[in-house]
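Reader: I would like to learn how to read the features of a protein model. Could you walk me through one?

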Amino acid sequence: VSQSRYRAMIKGLPVFASNVYDHPRVIIDGENGFLFEPENANELAQKLFGFHYKQAHEKAKIILSAREYAVNHFNIDAVSQQYEKLFQSLL
């Protein structure tokens with residue numbers, strides 16, 4: 001997931017990402033962001049309009065879920081632990 005996705009999640013912005021790379025590992029479609037198939041403009045438009053027309057409390061729930069995920073998984077402690085596990089597995 002690109003740095004811009006991390007920043008958006010931390011800032012409480014809705015995240016729309018193509019269903020490639022590690023996006024599906026981070027974004028749970030409809031729960032903490034939205035995934036769409038690459039090069040499928042219609043699907044992206046549906047996701048954007050779908051979010052736009054959600055009730056305020058539904059939008060807030062998705063945004064809060066994204067922020068909580070980012071805070072719990074992208075903080076320095078969590079990232080350093082992940083690197084430590086990776087390095088130990090390589091030894």
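Author: Gladly! Let us begin with the rings: Phe-16, Phe-34 and Phe-51 form one aromatic cluster. Please keep in mind that this is a predicted model.

Reader: How many aromatic pairs does a search of the whole structure find?

Author: The search turns up six aromatic pairs. One of them joins Phe-49 and Tyr-53, which are stacked, with 6.5 Å centre to centre and 15° between the planes. Tyr-53 is exposed, at 63% relative accessibility. For Tyr-69 and Phe-74, the ring centres are 5.8 Å apart and the planes stand at 75°, so this pair is edge-to-face. Phe-74 counts as partly exposed, with 22% relative accessibility.

Reader: Let us turn to helices. Why might residues three or four places apart point the same way?

Author: The general idea is that an α-helix has 3.6 residues a turn, so residues at that spacing, three or four places apart, point the same way.

Reader: Which residues of helix 4 are buried?

Author: They are Ile-62, Ser-65, Ala-66 and Ala-70. Seen down the axis of helix 4, these buried residues fall within an arc of 130°, so they line one face of the helix. The face turned away from that buried side carries the exposed residues Ala-56, His-57, Lys-61 and Asn-72.

Reader: What about charged contacts? Which residue forms a salt bridge with Lys-47?

Author: The partner is Asp-29, and the closest N and O atoms are 2.6 Å apart. The pair links distant parts of the chain, since Asp-29 sits in the loop between helix 2 and strand 2 while Lys-47 belongs to helix 3, 18 residues apart. The count of salt bridges comes to one.

Reader: Where is Gly-30 found?

Author: Gly-30 is in the loop between helix 2 and strand 2. Its relative accessible area is 37%, so Gly-30 is partly exposed. The C-alpha atoms of Gly-30 and Lys-59 are separated by 9.9 Å, although these residues are 29 apart along the chain.

Reader: To finish, which residues form a nonpolar patch on the surface?

Author: Tyr-83, Leu-86, Phe-87 and Leu-90 make up that patch, with about 450 Å² of accessible area together. Take Tyr-83 as an example: this residue is in helix 5, residues 76–90. Tyr-83 has a relative accessible area of 48%, so it is partly exposed, as exposed here means over 50%.

Key: Residues numbered from 1 in each chain as written. Predicted model: local features only at pLDDT ≥ 70, side-chain atom pairs only at ≥ 80, totals over all residues. Heavy atoms only, no water. Salt bridge = Lys/Arg side-chain N within 4 Å of Asp/Glu carboxyl O. Helix = DSSP H or I, 4+ residues; strand = E, 2+ residues; numbered from the N terminus. Patch = residues over 30% accessible without salt bridge, like charges linked within 9 Å, V, L, I, M, F, W, Y side chains within 5 Å. Areas by Shrake-Rupley, 256 points an atom, 1.4 Å probe, with all protein chains shown as cover. Buried < 20%, exposed > 50% of the residue type's maximum accessible area, 1.4 Å probe, protein only. Arc of directions from axis to C-beta. Phe/Tyr/Trp six-rings, centres within 6.5 Å; stacked < 30°, edge-to-face > 60°.
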